[in-house]
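Let's take a walk through this structure together, one region at a time. Have the viewer open and follow along as we go.

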There are 2 protein chains.
Amino acid sequence: MRAVVWNAREDVEVTDVPRPDPGPGQVLVQVAYNGICGTDLHEYYGGPIFIPTEPHPLTGRCAPVVLGHEFSGTVVEVGRGVDALAVGDRITVEPTYWCGECAPCRAGKTNICTKVGFHGLSIDGGMAEYTVIDQGMAHRLPDSVSLQLGALVEPMSVAYHAARLGNVDGDGTALVFGAGPIGIGLWHALKGQGVEDVLVVEPSPVRRASIERLGAQTLDPTGVDVPGYVAERTKGLGAAAAFDAAGVKPAVEAALASLGPSKTMVSVAIYERPIETSLIQLVLREARIQGTLCYTSSDYRAVIDLMAGGHYDTTGWVESIAIGDILAEGFEALHEGRKMKVLVDPSA
Amino acid sequence: MRAVVWNAREDVEVTDVPRPDPGPGQVLVQVAYNGICGTDLHEYYGGPIFIPTEPHPLTGRCAPVVLGHEFSGTVVEVGRGVDALAVGDRITVEPTYWCGECAPCRAGKTNICTKVGFHGLSIDGGMAEYTVIDQGMAHRLPDSVSLQLGALVEPMSVAYHAARLGNVDGDGTALVFGAGPIGIGLWHALKGQGVEDVLVVEPSPVRRASIERLGAQTLDPTGVDVPGYVAERTKGLGAAAAFDAAGVKPAVEAALASLGPSKTMVSVAIYERPIETSLIQLVLREARIQGTLCYTSSDYRAVIDLMAGGHYDTTGWVESIAIGDILAEGFEALHEGRKMKVLVDPSA
């Protein structure tokens, strides 16, 4: 079968690998779509970051590995003892492996398991015609959720989890910095969580136009004083939460300066280096910066429910490519900012 | 009566001012001790910061003002309608004014009232022989709490409030960065809240020796790799909370690198400028930085209760001076780091 294999930094190839067999408790999935994540780009251009170079403590595997942790597909074979899934089930996959024994796992925070691993980074993943998963990793898709949407459940769950950590009061104004896929996911998640007033701050006119087509209200930080605008709009209350999905200093600065007393800025970016941060803003308003990582199963279920209700819209920001085009039309197009979200179709 | 009057930056004088009269609902307090706060130093060397130059919205007053917001004393006269206090009562004073109407006030967070004012900054304060307060600002001192300790309730409540925001699990290891008065207050507060394992990180040998005399365990960050030490001590769990009462980059860096998953670094410093902050540390562990400001009445009551139980120890870090010596033996000695905590005795 064809698969996208990460061998080393800047050495990713589409090649033939043996089709895996499902072991006890596992199922074989025929992959429909697999999204390319920012993490995959980081692994390609700057890795290994999450890809293990020594056997991973939970999966026992290390590079080379098949990439792909955002995917949907159909169950085509079940292993011994599988009782939760059947051949023909349309599923999306929650790709995390956790130990179940560390302090975060015992507290139900499996997303920050001290040994956390990922299908498609710590073991062969979904950028292939087939992949094998443990049955517990599958979430069945309702009929009204397409396999294309199913491949977006993972990044949308990252954003949904981040949105929850913002603790936004439904009456308040939420600010989202950055209108990439996570920013779009935050906008959908906040709306889905009942927050009426969400402003998306994005300097790129292309990205602003893209999220405006979905119905979002945007601000151009190169032309508007964001904290001043928010202060006026909220009658001095300040933002009920701010989300940094941009990862750059001007976003962090404006987010902290816009926050209301006792409110939260959620960091959902991969910061490549430390950022000068005005901690005095936190002190004077008793505000906080909250980091967020991944999701738990409840986030997955919530996103799938919202998708089933027609809540997510992929117009204008999601496209599919054939697996053979992954370098030119996938990694490079994303790296150069020519595309926003790319789903790989392994059968094309 | 004699009083310490702030006229302008670097223009503070000990001078005679009229003794105030208590209005309805107010009492006249004969001040026993009034501590010099870091805020007073900032007002002297770099103000006005909190001192209003136009009438304050809650007090109607602006500079020149009598300084002093950390004080204890005895009620010597009561105004009309005073029912909660009587002449002879020994008290400490919660010096904040709040509006009661803004969103934080309505949520019980009077410490971050959008109009917050302070007795001794926004109106004449306690660095004087007498001062007038609203009866609701007084907390009666139990017999076992000295007037000297009473003057320390304010800064100890700042630290107690910060300690609460750390949400430390009693079994965990807490890290306090900085062994100045707030660091000492944090150590006392955390111990008082049942946290057994508190490590105080402080580069100054003098300050380390000072807090060690109270019973604290210290770390010298110039000789010890703090995150490595904490990882080993906690068997990889990381710190259950970290408190930055130092306000410098190495402290913030070591605090974030030491935190366990999902844990909190509390910022209780006055940061003079933005600090390069490794936000990726927050993301990867879903950790947070929490700002903290002042206290509410419940913190005051908790500190007074702990003081009544003999929990606070002033050995070696607190001294009193006569009001006439405030510049040389107060501001300058503190500014040069020759003293740690100075209480002004207006009667001496």
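Which residues are linked with A:Glu319 in a network of salt bridges? The partners are A:Glu329 and A:Lys339, which join A:Glu319 in that network. Before going further, please keep in mind that this is a predicted model.

Side chains of opposite charge can pair when their charged atoms come close. Searching the whole structure turns up 22 salt bridges over all chains. One of them joins B:Asp299 to B:Arg164, with 2.8 Å between the closest N and O atoms. This pair ties together distant parts of the chain: B:Asp299 belongs to helix α10 (residues 297–308) of chain B, B:Arg164 belongs to helix α4 (residues 153–165) of chain B, and the two are 135 residues apart. The two ends have their own surroundings. B:Asp299 has a relative accessible area of 0%, so it is buried, whereas B:Arg164, at 39%, is partly exposed.

Another salt bridge brings together the side chains of B:Arg208 and B:Asp220, at 3.5 Å from N to O. Here, too, distant parts of the chain are linked: B:Arg208 sits in helix α6 (residues 205–213) of chain B, while B:Asp220 sits in the loop between β13 and α7 of chain B, 12 residues apart. B:Arg208 counts as buried because its relative accessibility is 15%. B:Asp220, with a relative accessible area of 22%, is partly exposed. A further pair is made by B:Glu336 and B:Arg338, whose closest N and O atoms are 2.9 Å apart. With a relative accessibility of 52%, B:Glu336 counts as exposed.

Strand β12 (residues 197–201) of chain B pairs with β13(B) in the parallel sense, over 3 bridges. Within this pairing, B:Val200 stands opposite B:Thr218 in β13(B).

For a sense of distance, look at B:Thr234, in the loop between α7 (226–233) and β14 (239–244) of chain B. Its relative accessibility is 10%, so B:Thr234 counts as buried. The C-alpha atoms of B:Thr234 and B:Phe71 are separated by 40 Å, and the two residues are 163 apart along the chain.

What about the cysteines? A disulfide is a covalent bond between the sulfur atoms of two cysteines. How many disulfides are there over all chains? The count comes to 0. For A:Cys102, the closest cysteine sulfur is that of A:Cys99, and at 3.7 Å it is too far for a bond, given that a disulfide needs sulfur atoms within 2.5 Å. A:Cys102 counts as buried, because its relative accessibility is 11%. B:Cys37 is in no disulfide either, as the nearest cysteine sulfur, in B:Cys294, is 9.1 Å away. At 15% relative accessibility, B:Cys37 also counts as buried.

A:Ile49, A:Phe50 and B:Leu284 make a nonpolar surface patch of about 260 Å². Of these, A:Phe50 lies in the loop between α1 (38–46) and β4 (65–66) of chain A. A:Phe50 counts as partly exposed because its relative accessibility is 36%.

Notes:
Residues are numbered from 1 along each chain as its sequence is written. Chains are lettered from A and ligands numbered from 1 in the order in which they are written. This is a predicted model: local features need pLDDT of at least 70, side-chain atom pairs count only at pLDDT 80 or more; totals for chains, interfaces and linings use all residues. Side-chain values use heavy atoms; hydrogens and water are left out. Patches are made of residues with over 30% relative accessible area and no salt bridge: like charges are joined within 9 Å, nonpolar side chains (Val, Leu, Ile, Met, Phe, Trp, Tyr) within 5 Å. Accessible areas come from the Shrake-Rupley method with a 1.4 Å probe; for residues, only the protein chains shown count as cover. A salt bridge is a side-chain nitrogen of Lys or Arg within 4 Å of a carboxyl oxygen of Asp or Glu. Helices (H or I, at least four residues) and strands (E, at least two) are DSSP runs, numbered from the N terminus. Buried means under 20% relative accessible area, exposed over 50%, partly exposed in between (1.4 Å probe, protein chains only). Two strands pair if DSSP finds at least two bridges between them.
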